[in-house]
Amino acid sequence: MTAIVESEELRSSPDHDRSANLAGVLFGLALLGWIISVFTIDIHDVNELGFAAAFTPVTWVSLLLASGAVVVTVLRVPLDGPWFWRLVVTGLVLLVTIIHGTPMVLESAPRFFEAYQHVGFIEYVSRTGQHSIAVNFRLSWFGAFGLGATLSGTAGPPALFGAIRVFPWIFDLLILLPVYSIISKFITDQRTRAATLVVFVIGNWIAQDYLSPQAVAYFIAMTVVALIVNLAPGDGTSIRSVKRWWELRGGASVLLITLTVLVSATVLAHQLSPVMAFALVLVLVMTGWTTLRVFPLVIFAAFATWLSVGGYYFWGGKIGRLLGVHQQSGQSLGLSSIIAQNLTGRLQHGGLEQVVAVSRVGLSLIILALAAISAIRGRKDRNIRVLALLAFIPFLLLGTTGYGGEALLRGFFFALPFTSALVAILVTRIRPRMLAIVLLSVVVGCLGALTEVSRYGNEKFERIGADQLAIMQDLYRTVPPHSKILGFGTSMPVNFTKIGTDLTYFMNFFKFSSAGPSGPQAEQEIKTQIDTLSPDVVVWTPEAAAFSTHTFHFRAGWDRPILKYLLKDRHGHLIVNRPDIKIISFDRSWHPPAGAFSTNGD
Amino acid sequence: MVTSPDRNESPVGDVAPETGERAKRLFLLGCGLAAFGVLVHFLPVPTNLKSLVGAVTLVWVSGLPPVSWLPRQRIDLTIPIVIAGGLSAGVLIASLLLIVDWYSPDRAAVLTGILALALLFVRTRKAGHR
């Protein structure tokens, strides 16, 4: 605390007026550099490292300048002038734009294949007015898809490819508002609040910000927490003094109604987010941070009710799903497997993939370690203890959900506002001398680079080409209704339309014997299941095949003998034959008109 | 650096003297936004732009009722309330219509907008009588 007082005195010296000018100039140069980058980055340079590999020296310089400007702003710009928060907001927008806006602007078609499926669900709800779980069990949580259909359908059929592109950038900016509202109740120092937002931006590599129900539910859940800590604050009496704790319960009915509406929306939108909201609110209640003592019961009741009614099709007959057992390629995964899939499994790659995997685990561990150090140092401060509890509680849920490989990521994401606050408390104890500012600027720049690699690296299968998308649109437009479409893997732009009319299957969801999809019998098992399924159309993309290898442990190069089998033994007819996509038809009655596939020139 | 929770910071349930005026302003804002969204729908502009304006105005209008009822807050909390409130209203009404098998995007959008304006109107009347 002494160090903080000293640094405040240091910051109030007259030469700090110049720091606002310096930060402004650095921001201007960084913006100029990024604009130049957008016109000079060659998208073909993107490799396993993601967009970081295509970044030009100018891009890196602009990231470093933006980082430097942010550090100068947070540590040096006077708080009593008008410029502090203006510069902080400028810095946050610039950092988010460099990290997430570059792919948004440059990708020929927006990533990510899951987002296309969500567009398909929205289109299905819009077209049919139904939410049939026979189409997909995810329609058990149809709230967000219904919302998407309502919002996108205000002017005709949904046209959401543009929304897929801009959604991550908009989400990554807007989420900073509820995060700020939450941490402002724990932290009074404005520099620490600003630093929290910076850490949140450079720590957010989780890729849970795409067009999805979980992104909508995350925003609503964080707003719930923000409303509770701001509008129903407790007096700090924890559960240890049970009698007094219970006496201090209550809250305005308007607030309770509003919170119940928000929580009900998350319950209808996404299976996991209400559980995380429940955990966070429970911590706030137990520690006396809110007077809404019974509100966790409201969340639990809403969650349990919908799980018993609407979500029954998700777990009915598969009770293991609720206990953390996840199915993959016909094999059951328990908690240890999920952790292995998230951590050790991700590190078992070679070359640049290994670099990306290490950067992801490393970035997460750096943030968690700094948060832990901050929590230990500030353990006598009650607020820091509560922040640490809030940061810890989402990970407890890892073993209680059937969420599979994303569970740890979701836990990290829900903990991120609080780990960021703990890291910020630690960082802002540093005296803002010139050397410290320069070093911190380099560190923030390096962490920003790590975030770029972690967020956009490795998953080449996440990328989607504009030609691939155009060909898939042509396919859906021309293929006869009720066709069976089989993909080499889920990582392709499919199911964005005509869900429920055409049936889509994926080889990575085939069932395998105990040896799994890399076993000696795997190739024959795939062929047998293709024969049994008897698809009308098969779609191959290199990304889909790579996805099955990377995530579902198919053997490398498994797709080549299968393609040969489809073309030679099953006499498939190549409708589209390109290096980036092949469409094989087995429906002899389907004759696409000439020019139906507009980009099938090579 | 850190603060203790203080019940006095947020006067939940307290009604500031200007509440009636504020509710009226929010109601007029909601009506204006809704009118703008409907107007753009009939203008000869690209469909994507119509969708964007329609979606933004619908979320904003349906997120105003909680703002009108809750005590005045800083902008960093008001904007999340509006967005989360608007999204939640959209989720709940779409879900309700889907459950009763009466869903269509137009129906859901109109119902959400009208319900939000009705709530704002009720709030204006109530606040006006205080």
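This is a predicted model: local features need pLDDT of at least 70, side-chain atom pairs count only at pLDDT 80 or more; totals for chains, interfaces and linings use all residues.
I began with a helix pair: Thr150(A), Leu151(A) and Ser152(A) in H6(A) are in contact (heavy atoms within 4.5 Å) with Ser51(B), Ala55(B), Leu58(B) and Val59(B) in H2(B).

Residues are numbered from 1 along each chain, chains are lettered from A, and side-chain values use heavy atoms, without hydrogens and water.

Next I looked up the axes of H6 (residues 143-152) of chain A and H2 (residues 47-69) of chain B, which come within 8 Å and cross at roughly 120°. H6(A) is therefore oblique to H2(B); angles under 35 degrees count as roughly parallel, over 145 as roughly antiparallel, 65 to 115 as roughly perpendicular and the rest as oblique.

Then I turned to Thr56(A), in the loop between helix H2 (17-40) and helix H3 (57-76) of chain A. Thr56(A) is buried (under 20% relative accessible area), at 16%. Leaving out residues up to four places away in sequence, Thr56(A) touches Ser37(A), Thr40(A) and Ile41(A).

Last, I checked the largest nonpolar core, which has 209 residues; Phe488(A), Met507(A) and Ile583(A) have the most contacts inside it. Such a core is a set of buried Ala, Val, Leu, Ile, Met, Phe, Trp, Tyr and Cys residues joined through side-chain atoms within 4.5 Å.

How values were computed:
Axes are lines fitted to C-alpha atoms, for helices over the stretch in contact, and angles run from 0 to 180 degrees between N-to-C directions. Helices (H or I, at least four residues) and strands (E, at least two) are DSSP runs, numbered from the N terminus. Buried means under 20% relative accessible area, exposed over 50%, partly exposed in between (1.4 Å probe, protein chains only).
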